[in-house]
Amino acid sequence: MDNSSLLQSFIIEAYKNQKNKKSIDVYNIKQEGENALCGDTITFYINVVDDVIKDVGYDAKGCVISQVFTSVLSEYMVGKNWNKVLDEISFDDIYNTVGVSLSPTRLKCAKLPFETIKLALNKNMGHD
Amino acid sequence: MYKKDFPIFTNTKLNGSDLVYLDSAATTQKPQIVINKLKEFYENYNANIYRGIYNLSEEATALYENTRSRVADFLNVSSSEIIFTKGTTDGINFIVYTYAKNKLKKGDLVLLTEMEHHSNIVPWQILSKNIGFNIEYVPVSKEGKLKDLDKFLEFKPKILSITHVSNVLGCVNDISYISRLAHKIGCTVIVDGAQAVSHMKIDIKSLGCDFYVFSAHKMFGPTGVGILYGKNEILSEIDPVFGGGEMISSVTKEFPVFKSSPFKFEPGTQNFADVSVFSSSIDYIDSIGIGNISDYIKDLSSYAVKKLKGIKGLHVYGEGNLSGIISFDINGLHSHDIATLLNENNIAVRAGHHCAQILMSSLGVSSLTRCSLQIYNDRSDIDKLVYSLDKIVNYFN
Ligand SMILES: Cc1ncc(COP(=O)(O)O)c(C=O)c1O
């Protein structure tokens, strides 16, 4: 397998060890996202204190791609400023980190966590 | 054995791997004789049909009409009962607007089944919103058997529209029996033959249905060509919905006089090149023999089912149906991941809901992986599929 394969060790490891795939008791942001084509669904639970992301948990059903991208994004988010969380990291950064090469249909799966966070940010404009 | 007839298998490689094409239910590959025929048509016969009083146009017309009579013979019906469309979907929509729209009133019932492709659901739903008729869906068992069809017929549906072969479960509906039951109560029977024609002998006289539609591209033919069979008694009674050139015998400032069927239903310039070429797909099928194709696909299906069931956590839906369509899921794996991983080895399968979301929810799944077989597949294709699936399952466990 070359490193563009879905079976490369990074993906398999990330899939099997999703640190934040858990429920958290204290959160003030909850956001669901869905990719109708695949039936992928994600629900993020985020605890933000003084603009800083203290904890992230999520529940995800669906393909490996959407789950791995959710996992990587969630780990990155912890400790960041919530309002600026997507200014500091782009989808391309994570795409490069994961290192898989995806067809246009599968890119939608990978972007699902980003789209979900964007939805939450738009709703939570002005969050204190 | 037949793979060599299909140039795509020599022309396409991915990372050095040969193409293992297991998505023929979506569209079949084309044999060299069909490809050659398309080139030959444009190089030697291209002229608009019916209108030219010159040799080239007469020749093109003859080729177009030759396909019509080949198709009619293939189905055991008469040429006037064969209308060219763009495909199965177009054929069903044609029936819905040209026939059903005038027949149905508010409160009437149209009977479909849970295993229909979206193309045999959505057109009915759209029309029903305008007219206010009801739609009921005959339930389907996990293996693909219809449940309680006779009970639903007691509600006296005006129309039953049903697939011949399911594109997910591969089950074959007994159309002769169903037509007899339905006709007893005066119910019109429309059959979606998209997944049947390439590998089953279709004798419409013995099926007894009123309409039968399918797509050329799923039987080794060109895209953009569909066949609609309609009983002469019905076609001669109904008026066309789409008007234009070449479908009338005379036009005045009042109302036109239509030609007879099928011409009144084919207004304007038709897809005459692809239709003309389609006869060579029937030639190809005839050269092998439709009975031999059936046997071959049955045999290969049973080999595939046996092998697939050896994979840990894999479940086949409708395993006893053996008509070249095998849908499965694997515990804990999403069908899109399976398809993406198989693609890395140049294995093409279909993943998702297969345009059959009603069936998916009745089976209690959100998506399945489907491998569909054709005459150009062989046991080595299945072995490669099974080898790759085994590896995938191991990686994730
Ligand atoms: C059972 C069935 N009906 C209808 C269709 C639609 O055929 P087309 O897309 O050629 O119109 C398909 C194709 O996938 C099918 O499998």
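This briefing describes selected residues, the ligand site and several charged pairs in the structure above. The model is a predicted one, and the values given here are computed from it. Across all chains the structure holds 21 salt bridges, whereas the charged residue D329(B) is buried and takes part in none. The ligand, for its part, has D192(B), S215(B) and H217(B) among the residues that surround it.

**The ligand and its surroundings**

- D192(B) places a polar side-chain atom 2.5 Å from a nitrogen atom of the ligand, while S215(B) has a polar side-chain atom that lies 2.6 Å from an oxygen atom of the ligand.
- H217(B) also has a polar side-chain atom facing an oxygen atom of the ligand, at a distance of 2.7 Å.
- When the ligand is taken alone it exposes 400 Å², and the protein buries 85% of that area.

**A buried acidic residue, D329(B)**

- D329(B) has its place in strand 14 of chain B, which covers residues 325-330.
- Although D329(B) is buried, it has no salt bridge, and the nearest side chain of opposite charge, that of K142(B), is 9.7 Å away; a salt bridge would require the nitrogen and the carboxyl oxygen to lie within 4 Å, so K142(B) does not qualify as a partner.
- Leaving aside residues up to four places away in sequence, D329(B) touches G313(B), L314(B), H315(B), Y317(B), V365(B) and L368(B).

**Salt bridges in chain B**

- K3(B) and D378(B) meet through their side chains in a salt bridge with an N to O distance of 3.9 Å.
- This pair links distant parts of the chain, 375 residues apart, since K3(B) belongs to the segment before helix 1 (8-11) and D378(B) to the loop between strand 17 (368-372) and helix 14 (379-396) of chain B.
- K3(B) counts as partly exposed because its relative accessibility is 21%, and buried residues are those under 20%.
- K151(B) and D148(B) form another salt bridge, with 3.4 Å from N to O; K151(B) is partly exposed, with a relative accessible area of 49%, and D148(B) is likewise partly exposed, with 38%.
- K231(B) and D210(B) meet in a salt bridge of 3.0 Å, N to O, and this pair links distant parts of the chain that are 21 residues apart.
- K231(B) sits in the loop between strand 10 (226-230) and helix 9 (232-235), whereas D210(B) sits in the loop between helix 8 (204-207) and strand 9 (211-215) of chain B.
- D210(B) counts as buried because its relative accessibility is 7%.
- Salt bridges that share partners join K3(B), D378(B) and D381(B) into one network.

**H336(B) and its contacts with two chains**

- H336(B) is found in helix 12 of chain B, which spans residues 335-343, and it counts as buried because its relative accessibility is 10%.
- The contacts of H336(B), not counting residues up to four places away in sequence, are L37(A), C38(A) and R106(A) from chain A together with A351(B) and G352(B) from chain B.
- One of these, G352(B), is 16 residues from H336(B) in sequence, while the two C-alpha atoms are 6.9 Å apart in space.

How values were computed
Residues are numbered from 1 along each chain as its sequence is written. Chains are lettered from A and ligands numbered from 1 in the order in which they are written. This is a predicted model: local features need pLDDT of at least 70, side-chain atom pairs count only at pLDDT 80 or more; totals for chains, interfaces and linings use all residues. Side-chain values use heavy atoms; hydrogens and water are left out. Helices (H or I, at least four residues) and strands (E, at least two) are DSSP runs, numbered from the N terminus. Buried means under 20% relative accessible area, exposed over 50%, partly exposed in between (1.4 Å probe, protein chains only). Lys and Arg count as positive and Asp and Glu as negative; His and the chain ends are not counted. Contact means heavy atoms within 4.5 Å. A residue is near a molecule or strand if one of its heavy atoms lies within 4 Å of it. A polar contact is a pair of N or O atoms within 3.5 Å; within protein, one must be able to donate a hydrogen and the other to accept it, and residues adjacent in sequence count only if both atoms are side-chain atoms. Accessible areas come from the Shrake-Rupley method with a 1.4 Å probe; for residues, only the protein chains shown count as cover.
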